[in-house]
Amino acid sequence: SSAIEPLRIANQLTGQILFRWQVLSEDGGPVACSNGVPVMADGAWGGTQPQGMVLVCSGVEPEGQASAALADWLRGLWRRGRVVGGLCTGAYALAKAGLLNGHRCTIHWENRDSLLDEFPGLNVTEELFEIDRNRFTCAGGTSAIDMMLPRISAMAGPQVAALVTDELIHHRQREADERQRMQL
């Protein structure tokens, strides 16, 4: 929701449909969030060929959760020129698909070491979000908002991105290189 809500607000503020989204799951059924709340899916990812950006969202304990079929589907989208990204631990699915090789990426600080253990060749930063060519990753939580604001700015202008920030009561647009954790 932290990635979708800024897009919805940009549409609302401009009175245009600048952004569209679908929520997809493996079988098209609802998926339980890590807090147990079910999220309804619009369909199964295997039967779709989305246009534009494709973001993978994952939850706690993502190691081994991304299937080979999902990795194949993501690689196919990438070969057709889709922008791909990972929200929080969604970076695991991109790594399994080989789509983060040679790209900077980030993940929630709790999962950074385990991602590097499984995929030691990756360039995993500690940034809030990374936009490296056509790969988008973020640390999760509100960093998804920060990752979407440059996309909104590119599509609708920096004034709209600033208004979206205000609507979200997200005090300011954070830069990618800001730290994930508070300094003690």
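Contact here means heavy atoms within 4.5 Å. You'll need that throughout these exercises. The model is predicted, so keep in mind that local features need pLDDT of at least 70, side-chain atom pairs count only at pLDDT 80 or more, and totals for chains, interfaces and linings use all residues. Residues are numbered from 1 along each chain as its sequence is written, and side-chain values use heavy atoms, with hydrogens and water left out.

**Exercise 1. Ala-32 and its surroundings**

Task: find out which residues Ala-32 touches, leaving aside those up to four places away in sequence, and decide whether Ala-32 is buried or exposed.

Solution. 
- Step 1: locate it. Ala-32 sits in strand E2, residues 31-32. Helices (H or I, at least four residues) and strands (E, at least two) are DSSP runs, numbered from the N terminus.
- Step 2: list the contacts. Once residues up to four places away in sequence are set aside, Ala-32 touches Val-37 and Pro-38.
- Step 3: check the surface. Buried means under 20% relative accessible area, exposed over 50%, and partly exposed in between, with a 1.4 Å probe and protein chains only. Ala-32 comes out exposed because its relative accessible area is 56%.
- Step 4: The C-alpha atoms of Ala-32 and Gly-43 are separated by 15 Å, and the two residues are 11 apart along the chain.

**Exercise 2. The four-stranded sheet**

Task: work out the strand order of the open sheet, and say which strands stand at its edges.

Solution. 
- Step 1: start with E5 (residues 53-57). Five bridges join E5 to E6, and the two run parallel. Two strands pair if DSSP finds at least two bridges between them. As a landmark, Val-56 stands opposite Gly-86 in E6.
- Step 2: move on from E6. Four bridges link E6 to strand E10 (residues 135-138), again parallel. Here Val-84 has Arg-135 in E10 as its bridge partner.
- Step 3: E9 and E10 pair in the antiparallel sense over four bridges, with Phe-129 partnered by Cys-138 in E10. Their hairpin has two residues between the strands, and Arg-133 takes a positive phi near 55° there.
- Step 4: The order is E5-E6-E10-E9, in an open sheet of four strands with mixed pairing. E5 and E9 (129-132) stand at the edges with a single partner strand each, so one side of each has no neighbour in the sheet.
- Step 5: look at burial in E6 (residues 83-87). Five of its five residues are buried. Val-83, Gly-85 and Leu-87 point one way, while Val-84 and Gly-86 point the other way.

**Exercise 3. H1 against H5**

Task: describe how H1 and H5 lie relative to each other, and which residues meet between them.

Solution. 
- Step 1: pick out the buried residues of H1 (residues 4-14): Pro-6, Leu-7, Ile-9, Ala-10 and Asn-11. Their cover includes helix H5 (143-156) and helix H6 (158-167).
- Step 2: get the geometry. The H1 and H5 axes come within 9 Å and cross at roughly 30°. Axes are lines fitted to C-alpha atoms, for helices over the stretch in contact, and angles run from 0 to 180 degrees between N-to-C directions.
- Step 3: classify it. Angles under 35 degrees count as roughly parallel, over 145 as roughly antiparallel, 65 to 115 as roughly perpendicular and the rest as oblique. H1 and H5 are therefore roughly parallel to each other.
- Step 4: name the contacts. Pro-6, Leu-7, Ala-10 and Thr-14 of H1 meet Ile-145, Met-148, Ile-152 and Ala-156 of H5.
- Step 5: see what follows H1. Next comes Gly-15, with a positive phi near 70°.

**Exercise 4. H5, H6 and Asp-146**

Task: say how H5 and H6 are oriented, and whether Asp-146 is buried or exposed.

Solution. 
- Step 1: read the angle. H5 and H6 pack at about 140°, with their axes 7 Å apart. The pair is therefore oblique.
- Step 2: find the contacts. Leu-149, Ile-152, Ser-153 and Ala-156 in H5 meet Pro-158, Val-160, Ala-161, Val-164 and Thr-165 in H6.
- Step 3: turn to Asp-146, which is in H5. Asp-146 is buried, because its relative accessible area is 1%.
- Step 4: list what Asp-146 touches. Not counting residues up to four places away in sequence, these are Leu-128, Phe-129, His-170, Arg-172, Gln-173 and Arg-174.
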